[in-house]
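Thanks for making the time this morning; I would like to walk you through one structure, going slowly and keeping to what the coordinates let us say. Please have the sequence open beside the model as we go.

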Amino acid sequence: MTLRASKPLLATLQGTRQPVPPVWLMRQAGRYLPEYRALRAEKGGFLALAMDSESAAEITLQPIRRFGMDGAILFSDILVVPMALGQKLWFETGEGPRLAPTVTARDVLDGFDADSSVLEPIYGTIRRVKASLDPQTTFLGFAGSPWTVATYMIAGQGSREQAEARRLAYRDEGLMQALVDRIADQTISYLRAQAEAGVEAVQLFDSWAGSLSPAQFERWVIAPNARIAAAVRDLVPVIGFPKGAGGKLAAYARETGVDAIGLDETVDPAWANTVLPEGLPVQGNLDPLALITGGAVLDSAIDRILAAFPERPHVFNLGHGILPDTPIAHVEQLLARVRGTAS
Ligand code: CP3
């Protein structure tokens, strides 16, 4: 008889394949859960929730209580790092994040008044979750990657094809480098502090890695992520998630030195298995829309992903965040299918 690893997700990220792949879902705490919507209505808005340690800890634990995922992910946002760098952040209802003033010139960046104490409530959330998490569940922290965070700092909001940031990167490489360096430095101390407060692994979200040309990808994605990974890996394993990297995935894996790599839903998992370094743990990559569809479509999409990694350590996840209109019964179906407990 084999004993179940006490933390199957952490063991997988450390390179040991588990008989049953551990599962968690990006954005697993959020609007598809009625208990999240209730707390959000009571407390008045997303950022207020994320900056209130007690509420954020409760929300982090909601999907663990309901579904028993193998990983709990800190409830926060990637845009708290610009806040610590001195930019103002707010969320427009029904629209998304806004940041001001936008980074358009060197003097804007130099005028920011950095204050990393704004991140203190987040460490408070981590200590609370840590104190009440069951011993089988792995606790994940995260940050945005410098390029993705920079796209919001430059445009002041989500932007079509990240055009403002890509233009700035061509027009003023020096400013782009200064911005990316500043985000990377803050991210390193932020992730190290998350680990010291109690997270057991971290994910670097590079949601907009896919919009860059190959040379830009090397400079603005691979180089800063390699620096962050090297500065954090002595404390906790690092999952890199270069969404949209496509054919640049293997170079990202080799050159950044991340401990595990997240695949988005556009990547063929069987192809990824042939091009990624042997033994490198992978995470992914169910299409969030297959999860919404459910039924036989969902079952076969899950089976195809499971079959693609016959030997490699694999963490089951979505290829991107769960969508607000996802039926709860389909999340239950997913967990039963991956764990082989479906009736
Ligand atoms: O995975 C998790 O559950 C952890 C928490 C988490 C959130 N955002 C909570 C959140 C994480 C890891 C993120 C990452 C994030 N945030 C990214 C990178 C990953 C991705 O999704 O591509 C980006 C680009 C952001 C910035 C951001 N935050 C946007 C663009 C939005 C608005 C879009 C939306 O879905 O409403 C947010 C808000 C946000 N962050 C919500 C949640 C649960 C929605 C909050 C709400 O309206 O109640």
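This is a predicted model: local features need pLDDT of at least 70, side-chain atom pairs count only at pLDDT 80 or more; totals for chains, interfaces and linings use all residues.

T187 sits in helix α10, which covers residues 173–197, and its side chain reaches the backbone oxygen of I183 at 2.6 Å. If we set aside the neighbours within four places in sequence, T187 is in contact with V81, A143, G144, L204 and I228.

After α10 comes G198, a glycine whose phi is positive, near 140°.

Now to the sheet. Seven strands form an open sheet with parallel pairing, and their order is β1-β4-β5-β6-β7-β8-β9. The edges are β1, residues 71–73, and β9, residues 314–318, each of which pairs on one side only, while the twist from one strand to the next averages 25°. Within this sheet, β6 (residues 238–242) and β7 (residues 260–262) run parallel and are joined by two bridges, with I239 having A260 as its bridge partner in β7.

At the other end of that order, β8 and β9 pair in the parallel sense over five bridges, and N285 has N317 in β9 as its bridge partner. Helix α15, residues 295–308, lies across β8 (282–286) and β9, running at about 155° to β8.

How many of the five residues of β9 are buried? Five of the five are, so this strand is largely enclosed by the rest of the structure. In a regular strand, side chains alternate between the two faces of the sheet. For β9, both faces are covered, with H314, F316 and L318 buried on one side and V315 and N317 buried on the other.

Finally, a word on annotation. An unreviewed UniProt entry carries the annotation "domain: Uroporphyrinogen decarboxylase (URO-D)" over residues 22–31 and 140–156. In the model, residues 22–31 are 0% helix and 0% strand, with end C-alpha atoms 23 Å apart, whereas residues 140–156 are 59% helix and 29% strand, with end C-alpha atoms 27 Å apart.

Terms used:
Residues are numbered from 1 along each chain as its sequence is written. Side-chain values use heavy atoms; hydrogens and water are left out. Helices (H or I, at least four residues) and strands (E, at least two) are DSSP runs, numbered from the N terminus. A polar contact is a pair of N or O atoms within 3.5 Å; within protein, one must be able to donate a hydrogen and the other to accept it, and residues adjacent in sequence count only if both atoms are side-chain atoms. Contact means heavy atoms within 4.5 Å. Two strands pair if DSSP finds at least two bridges between them. Axes are lines fitted to C-alpha atoms, for helices over the stretch in contact, and angles run from 0 to 180 degrees between N-to-C directions. UniProt positions are given in the numbering used here, feature names are shortened, and annotations may be inferred rather than shown by experiment. Buried means under 20% relative accessible area, exposed over 50%, partly exposed in between (1.4 Å probe, protein chains only).
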